[in-house]
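Please open the model in your viewer and keep the selection panel at hand. The tour below moves from one selection to the next and says what is to be found at each stop.

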There are 2 protein chains.
Amino acid sequence: MGNKNSNTQKSPLQGVRGLDVCLSPALIPLFNVEDYVVVIIDIFRATSSICYGIENGAEAIIPVSQVEECAAYAEKGFDYLLAAERDGKVVDGFDFGNSPFSYTKEKVAGKTIVLTTTNGTHALHLSRGAKKIVIGSFLNLTSLSNWLKVQNENILLVCAGWKNNFNLEDTLFAGAVVGQLQGLNFKPDDAAIAAYDLYHTGKHDIDAYLKKTSHSERLIKLGIEKDIEFCLQVDLTTAIPVLDCDRMVNLSSSVKHR
Amino acid sequence: MGNKNSNTQKSPLQGVRGLDVCLSPALIPLFNVEDYVVVIIDIFRATSSICYGIENGAEAIIPVSQVEECAAYAEKGFDYLLAAERDGKVVDGFDFGNSPFSYTKEKVAGKTIVLTTTNGTHALHLSRGAKKIVIGSFLNLTSLSNWLKVQNENILLVCAGWKNNFNLEDTLFAGAVVGQLQGLNFKPDDAAIAAYDLYHTGKHDIDAYLKKTSHSERLIKLGIEKDIEFCLQVDLTTAIPVLDCDRMVNLSSSVKHR
């Protein structure tokens, strides 16, 4: 664990496509990410906001882990929108926080946004070297899954979690993707089987299911129930954000430009 | 992750008992183990064999991670039974392998056994510093759970997994323990909720449920289906193995001796 010795890293078997779920960023080093298309999942709220922002025409979203890094972009003189929160409140001097409601067409179309997201950035950083890194949330579930189906690549669904801890919301979404890919020539690992079964348990009322979790309690305390409700909407968007160097851009425009 | 900075480690809240599940040894550093009674879980087959051996009167079982370490005990001239396997076969010169069928009364009563178990030893090692470390398996499920109920301590169920990877059999057992502790003043974390829901999904036929997992496939290839069946028996035993320095002994005799 922690080293990149390929003898101890998982790679999918020959002849079938691996469909693996990484339940915490702390487990990413167990996977040989070079063998996978990676999907980063941070449902409350980073990857939901990113999907919504890219759908609404944001030129790019740059994820950073610290408010200070975010502020540094302003100091460099770039005309970027800056998104930073502490304890559920927009940090003084920033344009907005992490709520998906900040990522409307009116606010973000044509803009580049620097977004502070600790868990998401951590997961992205550890997934560097993957064949491709895309962003998933309930908002773009079907569109993302349909794209994954035709990639002919192994897939690693990375749950960003909370400070490396397992969380249910990210795992449930991973399970939803596994569900969409069922019946194809994929070989799910144990975590993918578990994620799917948990999704199956919770899918009829994901909101209610997640209410029993610690993270959800924490978010409710922050007064962002409306954000939670928003992030659990299925197929509100179709855009697939993809990492292009340090920026997340719309996959379709990224393809067009190359 | 990886460092022991208590700011980033989980400790249960005041006033309720934490009931947390650690889904991989790689996640143990996220927990402040000093706050917990730890249960080590390695269903196929280390902790099942340990429960069965202690039940059958083994004086002590010493877990080691390498066959070479195991052999070293013989060189030291101790009159120990040595258990070591490679690829499902007893290593030449050793008394037996890791099959629970080797841990019968006839073979182990009054003996000390040195057992080679990579994942279990790894999990044990990382849990050092816990208030107490006990051993769980389906074999001693109810006895262990009843003991946990009256400890008035936070509980951390550690799944030994497979080379730090999540596995379903250990998680299902963790979920079975969570189920037995329901209705008491425990606060389960997200992983404990997930483990319980997975157990609930699989409990009517755990053997069939686990057949779909990778690890189970691997074990079937090794020709040890009978071991798997044996390890999934519920409440065959009542002994609770507890770590006493480097040796696992029967909790009740350990208490008697003090």
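How many helices and strands are there in chain A? Select chain A, bearing in mind that this is a predicted model, and colour it by secondary structure: there are 11 helices and 12 strands. With the C-alpha trace displayed, chain A spans about 50 × 45 × 35 Å along its principal axes. Its radius of gyration is 17 Å, which agrees with the value near 18 Å that a compact globule of 258 residues would have. If you colour chain A by accessibility, 59% of its 258 residues count as buried. Among its contacts between residues at least 6 apart in sequence, 76% join residues at least 24 apart.

Next, stay in chain A and show the side chains of A:Arg45 and A:Glu85, which meet in a salt bridge with an N to O distance of 2.6 Å. The pair links distant parts of the chain, since A:Arg45 sits in the loop between β2 (36-41) and α1 (46-55) of chain A while A:Glu85 belongs to strand β5 (residues 85-86), 40 residues apart. A:Arg45 counts as buried because its relative accessibility is 7%, and A:Glu85 likewise counts as buried, at 11%.

Now move to chain B and select B:Arg45 and B:Glu85, whose side chains meet in a salt bridge of 2.7 Å, N to O.

B:Arg128 is in the loop between α4 (118-126) and β8 (132-136), and B:Asp246 in the loop between β11 (241-244) and β12 (247-250), so the pair ties together parts of chain B that are 118 residues apart in sequence. B:Arg128 is partly exposed, with a relative accessible area of 39%, and B:Asp246 is partly exposed as well, at 46%. Over all chains, the structure holds 10 salt bridges.

For a site of another kind, centre the view on B:Ser145 in helix α5 (residues 141-149) of chain B. At 0% relative accessibility, B:Ser145 counts as buried, and, apart from residues up to four places away in sequence, it touches B:Val177, B:Gln180 and B:Leu181.

Then show both chains together and select the residues in contact between them: 28 residues of chain B are in contact with 28 residues of chain A. The area buried between the two chains is about 2300 Å², of which carbon and sulfur atoms give 60%. The count of salt bridges between chain B and chain A is 0, whereas 4 residue pairs are found in polar contact across the interface. On the side of chain B that touches chain A, α6 (168-180), α7 (190-202) and α9 (214-221) each supply at least two residues. The largest share, 7 residues, comes from α7(B), and the residues of this side divide into 12 nonpolar, 8 polar and 8 charged.

Finish at B:Lys10, in the segment before β1 (17-22) of chain B, which is partly exposed with a relative accessible area of 22%. Among the residues in contact with B:Lys10 are A:Asn165, from the other chain, and B:Asp20, B:Tyr36 and B:Asp189.

Definitions and conventions
Residues numbered from 1 in each chain as written. Chains lettered and ligands numbered in written order. Predicted model: local features only at pLDDT ≥ 70, side-chain atom pairs only at ≥ 80, totals over all residues. Heavy atoms only, no water. Contact = heavy atoms within 4.5 Å. Buried area = accessible area lost by both parts, 1.4 Å probe. Salt bridge = Lys/Arg side-chain N within 4 Å of Asp/Glu carboxyl O. Polar contact = N/O pair within 3.5 Å; in protein donor to acceptor, adjacent residues only side chain to side chain. Helix = DSSP H or I, 4+ residues; strand = E, 2+ residues; numbered from the N terminus. Nonpolar A, V, L, I, M, F, W, Y, C, P; charged D, E, K, R; others polar. Rg over C-alpha atoms; globule rule 2.2 N^0.38 Å. Buried < 20%, exposed > 50% of the residue type's maximum accessible area, 1.4 Å probe, protein only.
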